[in-house]
Amino acid sequence: MSKPIFLIIGSDTGVGKTVLTALLTRRLRERGVRVAALKPICSGGRDDARQLHSAGGKTLALDEVNPWHFRAPLAPLIAARRESKSVNLRDVVQHIGQVNRRFETVIVEGAGGLLSPLGENFDSLDLLLKLRAMPILVCPNRLGAINQVLLVRKALPKAAAKKLQVVLVSPPRATASSRSNPTLLADLMEPSRLHVLPWLRNLQSPLTPTVQATLDALLGG
Ligand SMILES: [Mg+2]
């Protein structure tokens, strides 16, 4: 797989992975890039997959965006077992590879955090390494963010840690920690790989130049 695949990982569940994946997809489409956004595995409803389906302009079927979905709002491994189903890494990688051949760029949203069990014996870290994807970590910019970023970085093999990009998602109102986190983190990692996404009140409104620049930097210019 030579074309870029981005894997969006979260410092936790519900931290803005879907929002970022949709924004990156939208930005690439604005730039005329043929992009596919995938959420291969969903548990507890397919809302994320539907959002990415729309963000991608419905060029893929919903079942291509999200081939594996399970009803229980639990880690996918457990949710699948409740339905006597299983997901294996090889099938997920194969699916992403097939989509990758049809598009210029693929953005994959993981599920939960880096080490949340996705299926039988694998998590987002295994998926990242198998795909040789570019990791993008989404983390809310709040007290505790620095620890979460450093934990994820430490969990990655050296080569992947070097490629790691971090997006701090701003809160609606700045706090003492949201103001100081980026400064401190910039001392602890390569500053060009650290990005701050402004708070977005309305995800449907046109992207501001600041947001566009943040997304472009993440995508490598
Ligand atoms: Mg999500």
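Let me start with a definition: buried means under 20% relative accessible area, exposed means over 50%, and partly exposed is in between, using a 1.4 Å probe and protein chains only. Thr18, in contrast, sits at 9% and so counts as buried.

Before I go on, a word on what you are looking at. This is a predicted model, in which local features need pLDDT of at least 70 and side-chain atom pairs count only at pLDDT 80 or more, while totals for chains, interfaces and linings use all residues. Residues are numbered from 1 along each chain as its sequence is written, and side-chain values use heavy atoms, with hydrogens and water left out.

Why begin with those two residues? Thr18 (OG1) and Asp48 (OD), together with Glu109 (OE), are the protein donors of the magnesium ion, at 2.0 to 2.2 Å from it. Donors here are N, O and S atoms within 2.8 Å of the metal (3.2 Å for Na, K and Ca), and as water is not among the atoms, sites may look incomplete. Along the sequence the donor spacing reads T-x29-D-x60-E. Thr18 belongs to helix 1 (residues 17-30) and Asp48 to helix 2 (residues 47-55), so the pair, 30 residues apart, links distant parts of the chain. Helices (H or I, at least four residues) and strands (E, at least two) are DSSP runs, numbered from the N terminus.

Now to the sheet. In what order do the strands of the open sheet stand? The order is 2-5-1-8-9-10, 6 strands with parallel pairing; two strands pair if DSSP finds at least two bridges between them. Strand 2 (35-38) and strand 10 (194-197) are at the edges with a single partner strand each, so one side of each has no neighbour in the sheet. On average, neighbouring strands are turned by 20° against each other, direction ignored.

Two pairings are worth a look. Strand 1 (residues 5-10) joins strand 8 (residues 134-140) in the parallel sense through 5 bridges, and Phe6 has Met134 as its bridge partner in strand 8. Strand 9 and strand 10 also run parallel, joined by 4 bridges, with Leu168 opposite Val196 of strand 10. From strand 9 the chain passes through helix 9 to strand 10, a right-handed β-α-β crossover. Right-handed means that, with the strands pointing away from the viewer, the path from the first strand over the helix to the second runs clockwise. Helix 9 (residues 176-188) lies across strand 9 (165-169) and strand 10, at about 165° to strand 10.

Ile146, in helix 7 (residues 145-155), touches Asn181, Leu184, Leu185 and Leu188, not counting residues up to four places away in sequence. Contact means heavy atoms within 4.5 Å. Ile146 is buried, at a relative accessible area of 16%.

Last, helix 10 (residues 209-218): its axis and that of helix 1 come within 10 Å and cross at roughly 90°. Axes are lines fitted to C-alpha atoms, for helices over the stretch in contact, and angles between N-to-C directions run from 0 to 180 degrees. Helix 1 and helix 10 are therefore roughly perpendicular, a label for 65 to 115 degrees, with under 35 roughly parallel, over 145 roughly antiparallel and the rest oblique. Among the contact residues are Leu20 and Leu23 of helix 1 and Leu215 of helix 10. Thr214, also in helix 10, contacts His195, Val196 and Leu197, leaving aside neighbours within four places in sequence.
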